[in-house]
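Have the viewer open and follow along.

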Amino acid sequence: MTVTVSFLHHAVHNPRKLFLRKAIFQVHLWAGILASLYIVIIALTGSILVFEDELTSITLPPRLSSFDPAHIASIPTVMRALHLAYPGARVNSITRPWNTIPVYQLQAVDTKGFAFNLVADPVTASIYPQPYNWVNWVHDLHFYLLLGSAYGEQINGVGAAILLLLAITGLFLWWQGLSKWTRALGISFRSNWRRINFDAHHAIGFWTLAIVLWWSVSGIYFGFYKQFATVVGAISPLKGMAPPPLPSPLSTGLQRASLQAIVDAAQTASPHARLFSLSDPSLVGNLVYAQMDLRAPGDFSHRDIVAIDSTNARILTVWHYGQNHSMGDWIMWSQHPLHFGTLWGLPFKVTWFLLGISLAVLSATGVLMYWNRYLRHYKARLRPWRTSTT
């Protein structure tokens with residue numbers, strides 16, 4: 001009993017005396033040092049990608065037709081232009097123009113299996129190559145660490161787990177005692193730079209704790225989706241966020257419906273939505289997915305995802321993505337919009353951009369604290385030895 005009371009007393013008033021806090025500090029220190037470069041890269045690239053659509057728009061070819069939602073070339077017209085310009089190419093997906101990115105975007109594969117991107121004029125359907133640019137590089141660095149989706153997402157999932165560990169241990173270390181906790185809420189610029197750095201690390205860590213926790217959990221979600229869904233489903237069954245099963249067996253014939261019939265079927269399945277993208281518009285496979293935006297174009301939080309049989313344009317399933325019916329649905333659904341911060345206008349984007357920058361600063365201040373506490377003194381101890389040996 002006495003030991004418990006003493007532990008609680010120190011935890012409330014002077015946690016620095018606790019062995020548990022010292023152990024947590026070591027975990028936080030070394031996890032932070034080992035992951036510091038990773039965190040800075042992910043934080044800065046994530047901040048840039050808040051404005052990915054806007055940055056993509058400035059990389060488009062010049063002399064494109066003005067975007068007018070009422071006068072857009074049809075998807076079949078674009079595909080005919082594509083096959084004339086690139087005979088034998090197969091298109092994996094096509095995205096329709098919208099206000100922010102006012103061109104058709106096509107992801108294609110040539111006859112040798114080489115993947116490349118194209119854009120099409122929204123009115124004339126003229127095809128233009130879209131070379132790999134710095135925005136694509138930042139995207140691939142953030143999502144895949146330039147390692148490809150087969151490995152990069154999983155490594156990011158591990159990095160997110162380390163970030164979660166840092167956030168939890170950091171919360172314990174932030175608490176300095178009942179009489180001192182308010183000092184860790186702000187920065188005193190009257191002190192020397194080492195104290196300012198110390199205060200900045202604690203203050204930024206506290207004020208960004210909620211979003212850092214969310215980013216770390218959603219990073220695990222992206223890296224290990226199936227496992228994450230299994231855990232969430234065990235807590236609360238997934239209903240609206242579980243895609244409807246496809247009928248079995250699927251058609252296996254070689255005949256194909258017209259692409260226009262596929263587009264019409266998607267619109268019939270979701271009459272109040274706007275077609276945003278279509279998978280496999282080359283109709284190589286027997287299954288096509290249409291993403292139908294129910295809100296603003298590009299709003300991925302509420303969509304009808306329509307599965308269509310490409311042999312006869314038959315509607316197979318309609319997934320009303322965003323219609324949540326359980327706590328598990330809400331947990332799964334919220335990972336995307338709150339991770340990216342791109343759906344609720346410019347003020348929200350600027351806030352998410354600054355929060356991303358603050359995460360990079362948080363990591364940098366932690367490394368400086370390590371320098372101030374350990375490396376600087378270690379270097380000072382080495383100086384007399386080096387002098388004596390010379």
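Is Leu146 buried, exposed or partly exposed? I looked up its relative accessibility of 43%, so Leu146 counts as partly exposed. My cut-offs are these: buried means under 20% relative accessible area, exposed means over 50%, and partly exposed lies in between, with a 1.4 Å probe and protein chains only.

**Ground rules**

I am working with a predicted model, in which local features need pLDDT of at least 70 and side-chain atom pairs count only at pLDDT 80 or more, while totals for chains, interfaces and linings use all residues. I number residues from 1 along each chain as its sequence is written, and side-chain values use heavy atoms, with hydrogens and water left out.

**The whole chain**

I counted 12 helices and eight strands in the protein chain. These are DSSP runs numbered from the N terminus, with helices as H or I of at least four residues and strands as E of at least two. Along the principal axes, the C-alpha atoms fill a box of roughly 80 × 55 × 40 Å. The protein chain has 390 residues, and 42% of them are buried. It exposes about 21100 Å², of which carbon and sulfur atoms supply 66%; I took accessible areas from the Shrake-Rupley method with a 1.4 Å probe, and for residues only the protein chains shown count as cover. For contacts (heavy atoms within 4.5 Å) with a separation of 6 or more, I found that 63% join residues 24 or more positions apart.

Leu141 belongs to helix 5 and is buried, with a relative accessible area of 13%. Which residues does Leu141 touch, not counting those up to four places away in sequence? I noted Ile41, Thr45 and Leu146. As a distance check, I took Leu141 and Ala184, which are 43 residues apart in sequence and 34 Å apart in space, C-alpha to C-alpha.

**Other loops**

Thr100 lies in the loop between strand 1 (90-95) and strand 2 and is partly exposed, at 24%. Leaving aside neighbours within four places in sequence, I found Thr100 in contact with Asp53, Glu54 and Ser57.

Lys112 is in the loop between strand 2 (104-109) and strand 3 (115-120). I noted it as exposed, with a relative accessible area of 79%. C-alpha to C-alpha, Lys112 is 9.2 Å from Ala89, and the two are 23 residues apart in sequence.

**Aromatic rings**

A pair of aromatic rings is described by the distance of the centres and the angle of the planes. I paired rings of Phe, Tyr and Trp (its six-membered ring) if their centres lie within 6.5 Å; planes under 30 degrees apart count as stacked, over 60 as edge-to-face and the rest as tilted. That rule gave me 19 aromatic pairs. Tyr221 and Tyr225 have ring centres 5.3 Å apart and planes at 75°, so I filed the pair as edge-to-face. Tyr221 is buried at 4%, whereas Tyr225 is partly exposed at 36%. Tyr221 also pairs with Phe228, with centres 5.4 Å apart and planes at 85°, so this pair is edge-to-face. Phe228 counts as buried, at 13%. Ring pairs link Tyr221, Tyr225 and Phe228 into a cluster with Phe143, Tyr144, Phe222, Phe300 and Phe340.

**The second largest pocket**

I searched a 1 Å grid over the protein atoms alone; a pocket is an open set of points where a 1.4 Å probe fits, with protein on both sides within 12 Å along at least five of seven lines, and lining residues have an atom within 4 Å of a point. The second largest pocket holds about 700 Å³ of space. Of its 34 lining residues, the closest to the centre are His28, Gly170, Leu173, His201 and Met369. Which helix gives the most to the lining? I found helix 12, with nine residues.

Key
Grid points are joined across faces, edges and corners, and a volume is the space filled by probe spheres set on the points.
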